[in-house]
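Biologist: Please show me the model. I have some questions about how the chain is put together.

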Amino acid sequence: MSQGPRSGLVAVSAALLAMSRHLEVRDVLKTIVASARERLDAQYAALGVPDDHGGFAQFVVDGVSDEQWKAIGPLPRQHGILAAMLHETGPERLADVRKDPRFEGWPAAHPELSDFLGLPIRDGDEVIGALFLANKQRPADGPPADGQPADGQPADGRPTGGQPADGRPADCAPEDGCGFTREDEELLSILAQHAAIALTNARLYERSRELTIVEERSRLAHELHDAVSQKLFSLRLTAQAAAALVDRDPARAKGELQQVAALAAEATDELRAAVVELRPAALDEDGLVATLRTQTQVLDRAHTARVTFTAHKFRALPAAQEEAVLRVAQEALHNALRHSGAAHVDVTVGRHGCGAVLRVTDDGGGFEPQTVRQAGRHLGLVSMRDRASGVGGTLTVESAPGKGTTIELEVPGG
């Protein structure tokens, strides 16, 4: 880089500090790609995270306009030079990527590429992504500051002081016609290492989330056993009492049978609530809006309260955000239908900037949030707040005795 190693490292340090302020892994990757392109004077930069199906789970680009990106079409597959970067052990510098035998399958709308610098992103021995730069932006020629000719040579044409003819230190000089240098490789390697940290942390978070889901299922199984088993046991005893009374005290027997019906209804509600929460969410197949609509329709049929759902200009979110929105909606609905005595519960989800906002509102008895918190009766609020913070979102609870409750969740986009 023409600015020299010290200024380059200072620039990379500033970029890494900016990354530390981001919570979402995609935001970190965007910052890495943008910083790489800017600090290494490239026209284009990209970072790809492979999936297990020959494509890319994430592909972040910088230097390409939204219009160009739409014209290029679907995300690339793992082929050609992109696939090679996922199997190489070190960096690759090419003077003209188009002349490489691995260069193939580029869409017609793709920008024209020339010199190329790419390297794998590694977690130990495993390649978990690749970082690419293309089209080194060479500084425009200008008059020399020291009176030398513009090519950095003295009047007799000899190179000066052991430096390359372009006046840069040896490790900053292009090699084999490629504009990217060994110093560029070193700086890109630093950014790639931080990309590896971000991706590894994302993997650890996903594993932690999976363990949390397993723990929740275990908790639900215990709750199902405790709540439903007790109701079924009570139902059995009450039915036996009704049978014993039917001949000698028909009036009392009638009362016991009414109690049987009430207990059966409660057990049914418990089972339906558990099934809804345990059932794998069809987010991948149906999306968040369709999943929420289906679940609210099921709850509307299962409960006496009216449950409605509305979506306003919603657009798809990353998987983690959509799951957080779904789980918070489920918890809020559970609270409203089981504890509030509401006649109407309304669920709305809509676009909020690049993210989304969820609101679950009921006209039930309400509560005093501060009193509930102090008394330790969280009504699932701790779980909902944890889910919100886990995806960089915020949860707001508005309630008062006799005034109903509104749970609002805002989550960022991808």
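**Cores, strands and salt bridges**

Modeller: The largest nonpolar core has 35 residues, and those with the most contacts inside it are L358, L395, I407 and L409. A nonpolar core here is a set of buried Ala, Val, Leu, Ile, Met, Phe, Trp, Tyr and Cys residues joined through side-chain atoms within 4.5 Å. Buried means under 20% relative accessible area, exposed over 50%, and partly exposed in between, with a 1.4 Å probe and protein chains only. This is a predicted model, where local features need pLDDT of at least 70, side-chain atom pairs count only at pLDDT 80 or more, and totals for chains, interfaces and linings use all residues. Residues are numbered from 1 along each chain as its sequence is written, and side-chain values use heavy atoms, with hydrogens and water left out.

Biologist: Which element gives the most to this core?

Modeller: Several elements each supply at least two residues of this core, including α7 (283-302), β6 (306-312), β7 (344-352) and α10 (381-390). Helices (H or I, at least four residues) and strands (E, at least two) are DSSP runs, numbered from the N terminus. With nine residues, the top contributor is α8.

Biologist: Which residues does I407 touch, not counting residues up to four places away in sequence?

Modeller: A contact means heavy atoms within 4.5 Å. On that basis the partners of I407 are V328, A332, L358, R359, V360, L381, M384, L395, T396 and V397.

Biologist: How far apart are the end C-alpha atoms of α8?

Modeller: The expected span of a helix is 1.5 Å times one less than its number of residues. For the 21 residues of α8 that gives 30 Å, which agrees with the model. The end C-alpha atoms of α8 are apart by 30 Å.

Biologist: How many residues of α8 are buried?

Modeller: The helix is largely enclosed by the rest of the structure. Of its 21 residues, the buried ones number 16.

Biologist: Which residue just after α8 takes a positive phi?

Modeller: The phi value is about 70°. The residue is G341.

Biologist: How many bridges join β1 to β2?

Modeller: Strand β1 covers residues 42-50 and runs antiparallel to β2. Two strands pair if DSSP finds at least two bridges between them. The number joining β1 to β2 is six.

Biologist: Which residue in the turn between β1 and β2 has a positive phi?

Modeller: The two strands form a hairpin with five residues between them. The phi in question is about 85°. The residue is G54.

Biologist: How many residues of β2 are buried?

Modeller: Strand β2 spans residues 56-62 and is mostly covered. Of its seven residues, the buried count is five.

Biologist: Which residue meets E112 in a salt bridge?

Modeller: A salt bridge is a side-chain nitrogen of Lys or Arg within 4 Å of a carboxyl oxygen of Asp or Glu. E112 is exposed, at 54% relative accessible area. Both partners lie in the loop between β3 (92-94) and β4 (116-123), so the pair ties together parts 14 residues apart in sequence. At 2.8 Å, N to O, the partner is R98.

Biologist: Is D100 buried or exposed?

Modeller: D100 forms a salt bridge with R102, the closest N and O atoms being 2.8 Å apart. R102 is partly exposed, with a relative accessible area of 23%. For D100 the relative accessible area is 12%, which makes D100 buried.

Biologist: Which residue is linked with D100 and R102 in a network of salt bridges?

Modeller: The structure holds 10 salt bridges. In this network, D100 and R102 are linked with E92.

Biologist: What is the relative accessibility of K313?

Modeller: K313 is found in the loop between β6 and α8. The residue has a positive phi of about 50° although it is not a glycine. K313 counts as exposed, at 76%.

Biologist: Where does D41 lie?

Modeller: D41 is not a glycine, yet has a positive phi of about 55°. At 28% relative accessibility, D41 counts as partly exposed. Its place is the loop between α2 (25-39) and β1.
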